[in-house]
Amino acid sequence: MRLVLKNISRLLMVEPEPKSWIAGVEMTEVNSIENGWLVIENDKIVCFGGGEVISFTDDEVLDCNGGMVMPAFCDSHTHLVYAGSREREYEDKIRGLSYEEIARRGGGILNSARLLSETTEDELFEQSLSRIDEIIRSGTGAVEIKSGYGLNTSDELKMLRVIKRLGEETPLTIKSTFLGAHAFPSAFKDDTEGYVRLIIEEMIPAVAEEKLADFIDVFCDRGFFTVEQTDRILEAGIKHGMVPKIHANELDYSGGIQVGVKHNARSVDHLEFVGEDELAVLKGGKTMPTLLPGASLFLGLTYAPARKMIEAGLPVALASDYNPGSSPSGNMELIMSLGIMQLKMLPTEVLNAVTRNGAYAMGIEETHGSITPGKVANLIITIPMPGFGFMPYSYGTSQIQKVIINGKIQ
Ligand code: NIG
Ligand code: FE
């Protein structure tokens with residue numbers, strides 16, 4: 001059966017031929033059709049256009065009431081499978097402790113690891129499922145989710161199995177990432193090499209054996225994994241069929257961008273510290289710089305220099321980083337608002353960053369991220385807005401009327 005959307009004031013991100021990413025000055029361009037319609041068959045976009053739509057008697061017709069239609073968000077960086085929450089630590093932060101001091105006291109990632117080890121796989125699934133329902137309502141149609149709160153083989157596998165089950169039991173497109181190298185567990189505090197060996201020799205083969213991860217990620221930053229350790233972990237992941245992604249340069253100039261690009265990482269993420277060297281390394285590569293302004297907002301840290309990157313001709317993706325420690329929100333409309341308010345990006349640049357470039361950052365650019373015939377029908381219908389810029393501008397107030405995932409109204 002066909003689902004026909006009519007009475008659309010503007011169809012945004014229309015692309016007859018899909019592009020893989022959009023960079024530099026082109027990020028300001030968004031193709032659109034005024035007074036449009038769009039036809040979905042099963043879970044795919046079939047065709048669209050402007051003017052009156054012709055519908056048949058057995059079509060289901062959805063009146064968009066003059067709202068805009070755009071691709072659903074592709075959130076390419078989250079840690080949304082976690083147990084419990086960490087709002088108490090936030091109080092410590094208000095009292096003056098830094099993110100790294102909290103981590104050194106066994107808080108931070110290690111606190112989440114303890115909570116996760118005390119939580120059964122089913123309970124972890126239920127907690128994560130409610131976050132999935134929440135992000136679907138907020139317009140996300142595809143999401144990447146990382147492990148990294150297990151920090152031992154069985155708990156890492158537990159997280160990855162939950163991610164797999166979420167992919168099977170919810171309509172979202174989900175990509176999974178093995179992030180055993182997220183922090184050093186207390187037992188390896190004085191033997192970081194021992195933990196790196198455990199990741200390489202035991203965890204990566206076990207994850208690959210069960211085919212649980214598309215990507216391998218490392219937190220390569222001051223006080224966490226060194227460039228040399230990152231290099232070896234990525235190599236081991238690649239050997240087992242995983243594609244690299246990196247957490248880099250959140251806390252300092254870590255060398256993480258360089259080691260990521262060297263290994264053809266799909267994306268390097270965070271990037272609060274980016275200088276001329278980092279820009280030069282990214283230029284000409286195939287790695288998507290992915291910025292996470294929610295973490296800068298929540299931790300009160302520096303924002304990534306998005307303008308510098310776009311002006312250097314680079315593409316930029318924006319993601320939520322949804323996690324209990326540095327960004328406890330998966331709200332991509334808020335991320336768009338931070339894009340304009342803090343990263344000084346234009347609304348059209350932000351739209352490209354949360355759709356097409358986000359899709360590239362998670363390896364699904366051929367099927368998601370734009371309104372293109374044959375792509376998956378993951379769409380947002382907005383309430384009527386004076387122009388697209390109204391969505392990021394009206395921060396804190398959702399402009400979403402309906403969400404369609406895999407061709408189904410949610
Ligand atoms: O992306 N930077 C490392 N990891 C997460 C934070 C995880 C946590 O604090 O639980 C991040 O910000
Ligand atoms: Fe992260």
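Let me start with a quick one: in which strand is lysine 6 found? That's strand β1, residues 2-12, where helices (H or I, at least four residues) and strands (E, at least two) are DSSP runs, numbered from the N terminus.

Before I go on, the ground rules. What you're looking at is a predicted model, where local features need pLDDT of at least 70 and side-chain atom pairs count only at pLDDT 80 or more, while totals for chains, interfaces and linings use all residues. Residues are numbered from 1 along each chain as its sequence is written, chains are lettered from A and ligands numbered from 1 in the order in which they are written, and side-chain values use heavy atoms, with hydrogens and water left out.

Back to lysine 6. At 34% relative accessibility, lysine 6 is partly exposed; on this scale, buried means under 20% relative accessible area, exposed means over 50%, and partly exposed is in between, with a 1.4 Å probe and protein chains only. If you skip the neighbours within four places in sequence, lysine 6 is in contact with Gly36, Val53, Val61, Leu62, Asp63, Cys64 and Asn65, contact being heavy atoms within 4.5 Å. And the C-alpha atoms of lysine 6 and threonine 367, which are 361 residues apart along the chain, are separated by 23 Å.

Now the overall layout. The protein is divided into domain 1, which is 3-73 + 370-409, and domain 2, which is 79-331 + 354-362; those bounds come from an automatic or database domain assignment. Over C-alpha atoms, the two domain centres are 30 Å apart.

So what do the domains do at their interface? 18 residues of domain 1 are in contact with 24 residues of domain 2. Together the two domains bury about 1,800 Å², with 62% of that on carbon and sulfur atoms; buried area here is the accessible area (1.4 Å probe) that two parts lose on being put together, summed over both. On the domain 1 side, Trp21, Phe73 and Ile405 supply 38% of the area buried against domain 2, more than any other three residues.

How many salt bridges cross that interface? The rule finds one, the rule being a side-chain nitrogen of Lys or Arg within 4 Å of a carboxyl oxygen of Asp or Glu. Have a look at arginine 356 and glutamate 15, too: their side chains meet in a salt bridge with N to O at 1.9 Å. Strand β15, residues 400-405, gives the most to the side of domain 1 that touches domain 2, with three residues. By class, that side has twelve nonpolar, four polar and two charged residues. For the classes, Ala, Val, Leu, Ile, Met, Phe, Trp, Tyr, Cys and Pro count as nonpolar, Asp, Glu, Lys and Arg as charged, and the others, Gly among them, as polar.

Staying with salt bridges: the structure holds 21 of them. One is arginine 10 with glutamate 34, closest N and O atoms 3.5 Å apart. Arginine 10 sits in strand β1 and glutamate 34 in strand β2 (residues 32-41), so this pair ties together parts that are 24 residues apart in sequence. Arginine 10 is partly exposed, at 27%.

Next, aspartate 217 and lysine 146 meet at 2.8 Å, N to O. Aspartate 217 is in strand β9 (residues 215-220) and lysine 146 in strand β7, so that pair links parts 71 residues apart in sequence. Buried or exposed? Aspartate 217 is buried at 1% relative accessible area, and lysine 146 is buried at 0%.

Then there's aspartate 231 with lysine 262, at 2.9 Å between the closest N and O atoms. Here aspartate 231 counts as buried at 18%, whereas lysine 262 is exposed at 55%. There's also a network of salt bridges linking Glu121, Arg161 and Glu210.

Last topic, backbone. Most residues other than glycine have a negative phi. Leucine 151, not a glycine, has a positive phi of about 60°; it's found in the loop between β7 (140-146) and α5 (153-169) and is buried at 4%. Histidine 270 also has a positive phi, near 95°. Histidine 270 is in strand β11, residues 267-270, and counts as buried at 1%.

That's my tour; questions welcome.
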